[in-house]
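Colleague: Please show me the model, and then let us discuss it step by step.

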Amino acid sequence: MVVHPERRAQRSLQRMLGATLCPVTVAADLGTAAIDGDTIVVVDTAIALASLDACKRPARAWIAVPGEGLQPADPTTVSALLNAGWDHVVAHPMPLLAEELLATAQKLIRRDCFGLDKYMAWGAEVRGYTLEDALERDAAVGAIASDVTRVGLPDRIGSLVSVIADELLANALYAAPVDVHGAKHRVHDPRDRGRPLVDRDVVTLRWSTDGRYLAIEVRDRWGTIEPAAIETRLAATKTSTVESGMGLPLAYACSNQLVVNVAPQVLTEVIALLDIRYKPTELARSASFHAFWGEPP
Amino acid sequence: MTRLQIEIAGGRVTFAGRIDESAQLATLASQLLPGPVVLVPEGVTFVSSVGLREWIRFLRALRESGHAVTLERVGDVLMTQMNLISELRGLAVTSFHAQYECASCRNEAQPLVDATLSPVPCGECGSPMQLADFPERYLTIFRT
């Protein structure tokens with residue numbers, strides 16, 4: 001279901017979603033849209049802003065997409081939607097919009113959310129590292145930064161990749177593990193202390209590029225991430241201070257799209273996507289965000 | 001990756017390497033003599049969220065101990081991350097590195113610039129290079 005006031009945007013969105021071969025209907029406003037618990041609702045950001053609680057209504061998913069003329073969503077709008085609990089906010093204009101929307105819709109339709117390969121063109125190689133000790137974080141970050149530079153990407157991308165990989169790994173190593181009472185008992189662990197990573201403590205880092213995007217994926221085996229809490233933190237784009245919990249917001253600020261996939265109590269996967277085709281000024285000021293729940297692969 | 005190297009020469013402190021959990025910033029403010037302090041973090045190549053927190057605490061400690069603080073030649077990665085933190089608005093920054101691109105040959109570089117973000121000549125073809133990012137990612141810190 002596409003809910004957008006502009007006929008031209010309706011047509012564009014209908015064609016993008018038509019690639020799923022699922023029936024796509026359109027409506028100019030939420031009042032006339034037929035929505036049930038199995039509907040994926042793609043909503044213009046202006047309509048979403050005017051009905052922030054709409055995302056609480058039963059549907060398979062609510063996805064906010066750029067508004068007038070499908071221009072990039074502004075940061076205030078993205079923050080307001082995240083703060084209101086929207087799990088899918090697409091910020092970017094075409095062609096990213098089409099690529100992101102199709103991948104998002106297919107993940108929801110197929111109920112298959114894990115893996116960075118869903119964002120890569122066929123043929124792109126995926127390289128991975130499995131950390132065997134918490135102290136290997138620096139080496140893994142250094143390796144991925146070196147790999148990225150070696151494939152010809154500029155230092156700017158290498159620098160962003162370093163920050164993103166480091167924050168996602170730190171999150172998996174120290175924020176994800178919980179004890180038998182559900183307490184996050186690794187949060188205050190010294191970061192310079194070794195810890196063998198076996199069983200549920202295993203953390204993997206993978207990356208890939210296809211000339212359009214560079215994707216970084218970090219998995220932990222805890223499944224304790226809470227997308228709603230993350231959305232609230234990401235919504236605070238300008239942080240007054242940095243006493244805690246700045247890791248994911250920093251990774252988000254360095255990305256063009258941040259994707260959280262979670263199988264509760266089993267697996268968390270965070271994917272950060274960087275567009276490597278366009279200058280930052282040709283994209284939206286804020287990154288897109290998506291949260292998916294699903295069965296582990 | 002290089003740990004943070006700190007050199008103190010009178011009131012001038014130079015930083016190079018990574019600002020992360022291993023950065024020894026907690027006691028640095030107390031090691032500096034009273035008077036104006038110039039921080040030169042040009043060689044900073046990486047800043048983690050934990051490192052950014054330590055950097056903010058260091059700046060806060062300098063302010064609280066009465067130092068007049070100026071930042072010169074701030075590395076790109078530190079400059080963009082400091083711009084995310086509203087507590088740092090109004091900090092004195094005289095120059096910083098920013099992401100520029102040449103529209104003619106698409107060469108990318110991080111020249112040293114100031115808050116005017118003026119064009120600079122491309123090192124490869126001589127055409128004017130322009131800022132390749134949103135100005136607010138560098139200039140929010142100048143708003144009071």
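Modeller: In chain A, 20 residues of domain 1 are in contact with 22 residues of domain 2; a contact means that the C-beta atoms of two residues, placed from the backbone, lie within 7 Å. The model is predicted: local features need pLDDT of at least 70, side-chain atom pairs count only at pLDDT 80 or more, and totals for chains, interfaces and linings use all residues. Residues are numbered from 1 along each chain as its sequence is written, while chains are lettered from A and ligands numbered from 1 in the order in which they are written.

Colleague: Which elements give two or more residues to the side of domain 1 of chain A that touches domain 2 of chain A?

Modeller: Helices (H or I, at least four residues) and strands (E, at least two) are DSSP runs, numbered from the N terminus. The domain bounds, from an automatic or database domain assignment, are 2–110 for domain 1 and 116–293 for domain 2 of chain A. The elements asked for are α3 (75–83), β5 (88–89) and α4 (96–110) of chain A.

Colleague: Which element gives the most to the side of chain A that touches chain B?

Modeller: The contact takes 25 residues from chain A and 20 residues from chain B. On the side of chain A, two or more residues come from each of α5 (137–150), α6 (155–175) and α8 (247–254). With 6 residues, the element that gives the most is α6(A).

Colleague: What is the radius of gyration of chain B?

Modeller: Chain B has 4 helices and 11 strands. The radius of gyration is taken over C-alpha atoms, and the globule rule is 2.2 Å times the number of residues to the power 0.38. For 144 residues that rule gives 15 Å, and chain B is close to this value, so it is as compact as a globular protein of that length; its radius of gyration is 16 Å.

Colleague: Does B:Pro34 count as buried or exposed?

Modeller: B:Pro34 is in the loop between α1 (28–31) and β3 (37–47) of chain B. A residue is buried if 20 or more other C-beta atoms, placed from the backbone, lie within 10 Å of its own, exposed if 12 or fewer, and partly exposed in between. Because B:Pro34 has 9 C-beta neighbours inside 10 Å, it counts as exposed.

Colleague: What distance separates the C-alpha atoms of B:Pro34 and B:Gly11?

Modeller: Along the chain, B:Pro34 and B:Gly11 are 23 residues apart. The distance between their C-alpha atoms is 8.4 Å.
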